[in-house]
Amino acid sequence: MDDKTMYVPHSGPTQQWAFYGALENKKFVVSDCIDIKDTPNGLGNPTWLAQQNVAKANAPAVDLLLKKGAIFVGKTQMDEFGFGLHGRNPHYPTIKNSNCEGRLIGGASCGAVAAVINGEADIGLGTDLNGGIRVPALYAGLYGFKSSSSAVNMNGISCIAKEETSLGWVAKNLSDIRKVATILTPMSPLMTVDRIVVLDSLFQDIPDEAKVKLEKLIASSPYKIVRSKAISKIITNKAAESFKVISTVRGLRNIEPWIESNHPVLSNEIKMQMKWLSTLKYKDERIALEQRDLVQSVLESLLDEKTLLLMPTTTNIAPPVTASDEQLYKLNSVILKYTSLASLADLPQLHLPWFSVNDSPWGISLLGKKGMDRQLIDAAIRWKQNQ
């Protein structure tokens with residue numbers, strides 16, 4: 001592992017297949033859950049890593065980037081089993097957030113984000129279960145894109161909650177975000193975005209400084225702006241509650257037998273999640289699925305091929321490195337009120353680091369209809385050019 005703790009010990013050899021293409025000479029890294037030939041996936045846990053066989057081939061998504069001229073330079077550290085949101089993995093040295101001194105870098109794709117902000121890579125490829133790409137992008141001041149999971153090839157990507165996990169990537173600019181989307185996502189319908197619905201209710205709890213900057217940003221939009229309170233705190237609370245139940249039941253329950261058999265050393269966060277899982281009953285999952293259907297129907301009523309949603313990625317800035325595990329666990333419940341919306345409905349979401357708050361990276365997100373991944377990014381590029 002290097003002195004910036006960006007790479008896990010099994011980072012793998014550099015790969016470059018082509019010397020031309022859309023990603024010519026662009027360096028990229030992948031989280032420790034994405035197959036790289038002849039290396040195992042550790043999922044952020046050393047005991048798990050020691051028991052895994054090496055991958056026989058690269059994940060298809062990796063090969064697609066290589067065929068377009070990109071250069072693979074390493075696998076990167078991630079939060080344990082992809083469940084963390086803050087980049088604190090006790091099994092490995094803490095990764096520094098060089099874009100926000102004294103604050104956490106975010107997770108689960110913490111190593112991929114560190115590689116990009118420190119100039120070791122142009123693109124960081126990772127997974128997003130409950131905000132694993134979007135949250136560290138906000139904490140570190142990068143663009144972060146969560147794809148529609150149905151829009152990309154997820155083969156060769158290890159996820160303990162497969163149905164709820166999407167592929168995502170971070171970069172310093174929208175151009176690189178768009179280039180990767182062109183390669184990994186299918187063509188969007190030939191429709192042009194002409195309207196953005198601002199979810200005003202979700203911006204109530206953001207800092208006053210952010211509210212002022214937000215209004216200036218909205219004024220620069222090249223699209224028709226519609227203010228809406230259709231998604232209330234009641235909806236976001238239901239979304240957070242339901243997604244926590246669904247992702248934990250379908251994720252951690254899958255590895256519960258492995259934990260019982262191997263007695264591995266686990267992070268405090270996973271221990272707290274497992275303790276909470278033990279309290280759930282069958283009816284809790286049934287209620288969560290009903291709440292998910294409600295959230296999906298509300299989002300579907302707001303979105304179409306010409307409409308995007310504007311919302312906070314989350315309301316908080318990166319927490320300080322001194323934050324306790326208990327404080328971070330409680331903060332997860334706040335973050336899920338925002339990140340769970342796109343996760344529950346499998347919507348593409350793009351974090352835009354267009355302004356800071358309290359001298360810390362912050363920003364907003366655009367959400368699009370399921371499968372409209374490229375259209376969403378193109379709309380952001382046009383808006384950026386109009387600022």
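In the protein chain, the mean positions of the 43 positive and 39 negative charges lie 3 Å apart, where Lys and Arg count as positive, Asp and Glu as negative, and His and the chain ends are not counted; each charge is placed at NZ of Lys, CZ of Arg, CG of Asp or CD of Glu. This is a predicted model, in which local features need pLDDT of at least 70 and side-chain atom pairs count only at pLDDT 80 or more, whereas totals for chains, interfaces and linings use all residues. Residues are numbered from 1 along each chain as its sequence is written, and side-chain values use heavy atoms, with hydrogens and water left out.

The protein chain has 11 helices and 13 strands, these being DSSP runs numbered from the N terminus (helices H or I of at least four residues, strands E of at least two). Its radius of gyration is 19 Å, close to the 21 Å that the globule rule gives for 387 residues, so the protein chain is as compact as a globular protein of that length; the radius is taken over C-alpha atoms, and the rule is 2.2 Å times the number of residues to the power 0.38. Of the 387 residues, 60% are buried, meaning under 20% relative accessible area with a 1.4 Å probe, protein chains only.

Helix α8 (residues 268–277) has as its buried residues Glu269, Ile270, Gln273, Met274 and Leu277. Seen down the axis of α8, these fall within an arc of 135°, so they line one face of the helix, the arc being that of the directions from the helix axis to the C-beta atoms. The buried residues of α8 pack against α7 (233–262) and α10 (325–345), with contact meaning heavy atoms within 4.5 Å.

Key:
Buried means under 20% relative accessible area, exposed over 50%, partly exposed in between (1.4 Å probe, protein chains only).
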